[in-house]
Amino acid sequence: MPVTVDKEICIGCGACTGVCPVGAMNLDEDGKAGCDSELCIDCGACVATCPVSAISQ
Ligand code: SF4
Ligand code: SF4
């Protein structure tokens with residue numbers, strides 16, 4: 001299961017995009033993070049990195 005981002009909580013800091021080993025996390029046009037479900041390997045790195053706990057696994 002890919003992770004999900006709560007865009008109400010995400011502050012668009014981009015931290016998750018830097019730690020994702022497969023490039024699945026990117027900032028969308030709204031400036032909030034989005035996960036590419038085709039790429040995500042469910043490693044949890046972004047979940048652990050997000051400063052506002054916007055990502056759920
Ligand atoms: S769980 Fe891992 S692979 Fe999936 S988006 Fe987060 S950092 Fe990337
Ligand atoms: S680390 Fe969290 S707050 Fe920062 S862009 Fe990713 S989901 Fe949003």
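**View 1. The whole protein, a predicted model.** With 57 residues, a compact globule would come out with a radius of gyration near 10 Å, and the protein agrees at 10 Å. That radius is taken over C-alpha atoms, and the globule rule is 2.2 Å times the number of residues to the power 0.38. This is a predicted model, where local features need pLDDT of at least 70, side-chain atom pairs count only at pLDDT 80 or more, and totals for chains, interfaces and linings use all residues. Residues are numbered from 1 along each chain as its sequence is written, while chains are lettered from A and ligands numbered from 1 in the order in which they are written. The C-alpha atoms fill a box of roughly 25 × 20 × 20 Å along the principal axes.

**View 2. The fold, element by element.** You'll find two helices and four strands here, in the order β-α-β-β-α-β along the sequence. Helices (H or I, at least four residues) and strands (E, at least two) are DSSP runs, numbered from the N terminus.

**View 3. Around ligand 1.** A shell of 14 residues surrounds ligand 1, the closest being Cys 20, Cys 40, Cys 43, Ala 45 and Cys 46. To be near, a residue needs its C-beta atom, placed from the backbone, within 6 Å. Twelve of the shell residues are nonpolar, one is polar and one charged. Here Ala, Val, Leu, Ile, Met, Phe, Trp, Tyr, Cys and Pro count as nonpolar, Asp, Glu, Lys and Arg as charged, and the others, Gly among them, as polar.

**View 4. Around ligand 2.** Ligand 2 also has 14 residues around it, with Cys 10, Cys 13, Cys 16, Ala 33 and Cys 50 among the closest. This shell has eleven nonpolar residues, three polar and no charged.

**View 5. The core and Cys 16.** The largest nonpolar core has twelve residues, including Val 3, Cys 16, Met 25 and Ile 55. Such a core is a set of buried Ala, Val, Leu, Ile, Met, Phe, Trp, Tyr and Cys residues joined through C-beta atoms within 7 Å. Beyond four places in sequence, Cys 16 touches Met 25, Ala 33, Cys 46, Thr 49, Cys 50 and Ile 55; contact means C-beta atoms, placed from the backbone, within 7 Å.

**View 6. Asn 26 in its strand.** Asn 26 sits in strand β2 (residues 25-27). Leaving out neighbours within four places in sequence, Asn 26 contacts Thr 17 and Gly 34.

Terms used: Buried ≥ 20, exposed ≤ 12 C-beta atoms within 10 Å, placed from the backbone. Contact = placed C-beta atoms within 7 Å.
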